[in-house]
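Dear colleague,

Please find the structure below.

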Amino acid sequence: MTRQPTLFLSHGAPPLADDPLWTRQLAEWSGELPKPKNILMVSAHWETRPMAVSAHREARPLLYDFWGFPERYYTVTYPAPVAPDLAGDVVARLGAGNVAVDHDRGLDHGAYVPLVEMFPDADIPVLQLSLPTLAPTELFEIGKQLAPLRDAGTLIVGSGFTTHNLRWFNPSQPADAPAPTPSVEFDHWAAESVAARDVDALLNFAEVAPAAHEAHPRTEHWAPLYVALGAADAGAGTPTSVIDGFWFGLAKRSWQFD
């Protein structure tokens, strides 16, 4: 079984599907990856404590957890197989007493929006794991516990956004309009810190990163990075910035850790 990398990707809102550049970048990225046995998604859009895994005995409908979009975004489907074996492995790694099972939960848009572009055949089993906290150190440790799954063919994906301040989002402007200075500053810091494998700085981003609180008024979209980072050999995995640039002012930078 080919060892899988771990990913942190900026997942976009449903209109990501209309962006020819970003959809091409995601498709090209997945084309360079070894095909995983299954996929474990950690999305910014599911927080629950204790942590939980999504339905894995039978498929459930997608969660269209967004409002005010055209009707066509609510008809997207992604009939990926369920992942009972992966659910068992996740529970074994994290401890049965620490993980609940939500038998009714389907994939939310932080999971299926990028997967539609990366693995459009929907032929790879997918399981979603919730964020039990936004504390970087705790999430990093969860990632470390999950790291051995990579050797069994599991692609671990943290799905968030490198900057996420929706006050900057202005669809009346072009998607590639100049980004606000705080978004640019935080993105630059993040790129340098990940490239240097400066785990201490990343774990303490709220204190050391420029414009941290402007880039992330709430940190749920940055938090999935720490699961991916922890699963990347405790932060030692070689990082590659696969996608960069901005989308309506938000940094869409995404990394692969080999």
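The lining of the largest pocket comprises 10 nonpolar, six polar and two charged residues. Here Ala, Val, Leu, Ile, Met, Phe, Trp, Tyr, Cys and Pro count as nonpolar, Asp, Glu, Lys and Arg as charged, and the others, Gly among them, as polar. A pocket is an open set of points on a 1 Å grid over the protein atoms alone, where a 1.4 Å probe fits, with protein on both sides within 12 Å along at least five of seven lines; lining residues have an atom within 4 Å of a point. Of the 18 residues that line the largest pocket, Ala 13, Phe 69, His 109, His 164 and Leu 166 lie nearest its centre.

The model is predicted: local features need pLDDT of at least 70, side-chain atom pairs count only at pLDDT 80 or more, and totals for chains, interfaces and linings use all residues. Residues are numbered from 1 along each chain as its sequence is written, and side-chain values use heavy atoms, with hydrogens and water left out.

The second largest pocket is lined by 15 residues, with Ala 59, Arg 60, Tyr 78, Ala 80 and Leu 107 nearest its centre. By class, 11 of its lining residues are nonpolar, two polar and two charged.

As for the whole protein chain, 55% of its 258 residues count as buried, meaning under 20% relative accessible area (1.4 Å probe, protein chains only). Its C-alpha atoms fill a box of roughly 45 × 45 × 35 Å along the principal axes.

With kind regards

Conventions. Buried < 20%, exposed > 50% of the residue type's maximum accessible area, 1.4 Å probe, protein only.
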